Structures are given as structure tokens and as C-alpha cells.
Amino acid sequence: MKILSAEQIREADQYTIKYEPIVSSELMERAASKCSEWLRKKYDIHYSYQIFCGVGNNGGDGLAIARQLFQKGFDVKVYQVAFSSKKSPDFILNEKRIQDMDIPYKIIKRPSEFPPIKQQKNIVIDTLFGSGLNRPARGLAADMISYLNQESRHTISIDLPSGLFPEDNSENDMDFVIKARHTLTFELPKLALLFPENGPFVGQWHLLPIGLHPRFISEAETNYHFLTLEEIKPLLQKRKKYTHKGSFGHVKIVAGSRGKMGAAILATKSALRSGAGLVTAHIPGCGLESMQTSTPEAMVEENSGTNILQESSVETTGYSLGIGPGIGKDYSTKNFLRALLKNCKSPAVLDADALNIIAEDESYQKLIPALSILTPHPKEFQRIAGEYNGDLEKLQKQKDLARKLNCIVVLKGAHTSICMPDGRIYFNSTGNPGMATGGSGDVLTGLIAGLLAQGYSPENTALIAVFLHGMAGDFAAGEESVESLIASDLIHQFGKVFRNLIDS
């Protein structure tokens, strides 16, 4: 699914109006219908609504939502926040429609006219600005935003939280942005919805299709995409009847040190559950017994180091390598990693301490095989890519790093972003906060290495693995909880994930 800019979305609106064809007020009615339908499914008739409208098309959405809810028997009160005298034509049309009905409607011109906010079974609907704002809120609008943030327990924003810019908020005044519990956005995600720094304002966001013209969307150019099930399913390979374990590749997990063998075991088990035909764990001697006891399906290749990985001959040809979980940063391990990378000619997966070592010495970066997959969490990424101010600059640094190394950079977190060397970025749609737990990244390393071994391209490997990893987390949270989820729960869900995708 494409992520388009606010300007492109406005162009999509106009294209739809012209070529569907449909008049703009009917498109607004369609969008409002999707919102009111969502609200009616979420909240029963005992809830009341206080709807705060600006004077543009976002405010027009609010007026149409108010009318539709009122017609379904809900208690609705509407407030026009008159921060401007310039009303859009569709706002004027919908204003007349609700004035012809018995809906309580008040025009607010000064802060002293702000209404009390009901606290019990009451929903505040924010339609002050939507995605049409390009400068910080000021004056009456800013006062209204501050008031609602202080008084409302349950705010739902339409399109975007008012005051939030759709892409770059580095120059915004975040003191004057609505803090929504839910955001109902239309057709395609906005970039701002995917940035962690905007989480306190966006809350939980929901995508409502409103039928923008598919031709415009298919032809629109963008580097930003949102990964969904529809994109992932066609990428999966179906197994043929006459195959054997050699048909599905051989993974080598290079991991572990004394006290951190759990990371190696998780990555190894994950690679096994990924569908790889064979998995070998290259580990220090201290982990031999625990690995063979906990993971009998894997072969073990014992490093010459007892407690750490140290320089020794490691065969890399014919393997998909997953390197880094729990290896530490001992001087001998750094030398081992340098020799390993020099010997590696195929794309590998680099994670954890492998990334930390690379961050400390740029000469290692030149040894990374082209199209390798790097999987840093935010701190590891910062060590490699440098400091940044805000999520948009972080995204640019992710592009710069992927281009510089000719690698795929998977930046882990909510809506994990996967950046290709050519600058395309995919944001993941699966996963939950329960996955913020030790070992979750080790599981991802094993899964990526396992898919890479099976002949998937590095690009498709990264996309599939991140999506499946998050989906496993969602299944695990459903069976356990986000609070009690642990990394091994993810591996236990892989079978269900693959079965779900194949059956669907």
C-alpha cells in the first residue's frame, strides 16, 4: 500500500471528483459515512458526542458526521470554532444542512465560550484542521486544542489530529496538537502516523477506505509504502511435492558467548521454524551442551573460543549467515568478525553486537556483502548512523546508510521500517508493544536468515520476515498478553502464521 503526501491525497480527491465522476460534497459524505459507521460499531447509543469543527473541509466532515449520528438517534452537539471567516464551500453546504435540523449548534468566537466537556460516556470529535495545516496552530484554534487536551478524556480525530502536520513536524509547536485516543484517516496512511514521536498525539489509528480513484493511486509515485497482507501473500513460495531438505537451504547462525547463549538458541530455533532445510549454529564451546540439549534439530559447529567467538576458520560458502546475537565485543571477537566478513561473499544478516562492532570501526562497513540485511534497534542504529533530530531526519539517515552500504536496513520498532538501497521504505503493519522484550530481535535474525537460505531475494526476505515476525507477535499477544509475551512465544506461533497465510 502506498503512502502519499498530503498534496498527492488532495490531487487524488480532485482526480476522483473528475473521473469517477462525483461532486466534492458527495465525496465528503462518503468519508463521513465511513467515520460514523466506525463510531456506531465502536460505541453504543448511550454515548454522546461533542463535535468541534473548523471552517474548512475537515470541519465539513465533522458537520456531516454530526448529521449522520443524529439521524441514528445519538445525542450530538456541534461547535464551530470560528478561527477564520473563510469557510469552504462544502463546509457551508453541510452547515446549512445541520441548521435545517434540530441539532444543537454553537459558534465559538472566544475562549470564554468554550463549552463544558462531559466526562461520562462522551466522545469528543476533533475536526478542526485534519491534514490541511502547514503552520503551527495559533490564536483561538490553539486555545481550543489546549482546552480539549486538558478537559477531554476521549478524543477522536478525523483525518489527522488537529495541529499535526502530515509529514514533517520538526518546525511544529507540539504544545498545540490534539492528543487523540483514536485517529480515523482516509484511504492511505499519512507518514506522520507512522512516526513514534507522534504516538502521544495519534493514539491508535484506523484506515477507512473512501473509494479514491484506483488509477490515480496506482500511477502515483512515492518511496513510501505500508506493508499489508495483500502485499506479502504473493511473495510466499509454495513447496513442491518432490523436494528434500537440501531444497530449502542451509543456515549458519554465528552467535553467543558465555551468559548470552540464549540469544544464539533463539536465533537458531527461529531459523529452524522458518522452513530452512538445515541449520548449523556456530557458537563458543561453553554453549555446546545447552544448544544440543535445547535444539536437537540443529547441528553445532564449535568455535575455538571457549567463552567467546574468536578467530578461527568458518566456512561461509553455501550458507545463509545470521551473525551477531549475543557475541559481545571482546577484542578477539572483533577480529573474528572481521575475518568472517572478509570471507563472506553472499548477503548475510547482521544484528546486535555485530552492528555495535561495525559502528565502532567504519573499516568493517566496507566488508559487508552487498544486499546484506542489517537489523538495528534505535540505539544500535544511532551508533552506526549518528545523531538525529526527529523521526523524519532518522528516516533520511536510514536511507543514507542503506545507500552507502548497498544494504537493506531494517530499523526495528513500532511500524518497523525496511529501507532498500534505492531509497524505498516499507513500514510494517503488524506487531505490538509486547514484542519490546529481550530476544525478540534474535528471533527476527533467525527468521530472516532462514528465509534467505530458501532462495528468497534479500528484498523479499526482509519484507516477509518483518511482517511474519510481527504477525507472530500479534498471535502470541492474543494467546498470552502484551505484558507477558516473551521472545520464544513468537517462534511457537510461526506454524500458525504460515498456515494462516497459506489458508487465506
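In this predicted model, Ile418 has contacts beyond its neighbours within four places in sequence: Leu227, Gln398, Ile408, Val409, Val410, Arg424, Ile425, Tyr426, Ala462, Leu463 and Val466. Ile418 is also one of the residues with the most contacts inside the largest nonpolar core, together with Val251, Ile253 and Leu468. The points below cover the cores, a strand pair and a helix crossing.

**Nonpolar cores**
- The largest nonpolar core comprises 54 residues.
- Two or more residues of this core come from each of strand 9 (250-254), strand 10 (278-283) and strand 15 (408-411).
- The helices that likewise give two or more residues are helix 9 (261-273), helix 15 (440-453), helix 16 (458-479), helix 17 (487-492) and helix 18 (494-503).
- Helix 16 supplies the largest share of this core, with twelve residues.
- Another core, of 48 residues, lies apart from it and includes Tyr224, Leu340, Ala354 and Leu374.

**Strands 10 and 11**
- Strand 11 (residues 299-302) pairs with strand 10 in the parallel sense, over four bridges.
- Met299 of strand 11 is the bridge partner of Thr280.
- Helix 10 (residues 288-294) carries the chain from strand 10 to strand 11 in a right-handed β-α-β crossover.

**Helices 2 and 4**
- Helix 2 (residues 24-42) and helix 4 (residues 89-99) have axes that come within 10 Å and cross at roughly 65°.
- The crossing of helix 2 with helix 4 is right-handed.
- Helix 2 makes this contact through Ser24, Ser25, Met28 and Glu29, and helix 4 through Asp90, Leu93, Asn94 and Arg97.

Notes:
Residues are numbered from 1 along each chain as its sequence is written. This is a predicted model: local features need pLDDT of at least 70, side-chain atom pairs count only at pLDDT 80 or more; totals for chains, interfaces and linings use all residues. Side-chain values use heavy atoms; hydrogens and water are left out. A nonpolar core is a set of buried Ala, Val, Leu, Ile, Met, Phe, Trp, Tyr and Cys residues joined through side-chain atoms within 4.5 Å. Buried means under 20% relative accessible area, exposed over 50%, partly exposed in between (1.4 Å probe, protein chains only). Contact means heavy atoms within 4.5 Å. Two strands pair if DSSP finds at least two bridges between them. A crossover is right-handed if, with the strands pointing away from the viewer, the path from the first strand over the helix to the second runs clockwise. Axes are lines fitted to C-alpha atoms, for helices over the stretch in contact, and angles run from 0 to 180 degrees between N-to-C directions. A crossing is left-handed if the near helix is turned anticlockwise from the far one by less than a right angle, and right-handed if clockwise.
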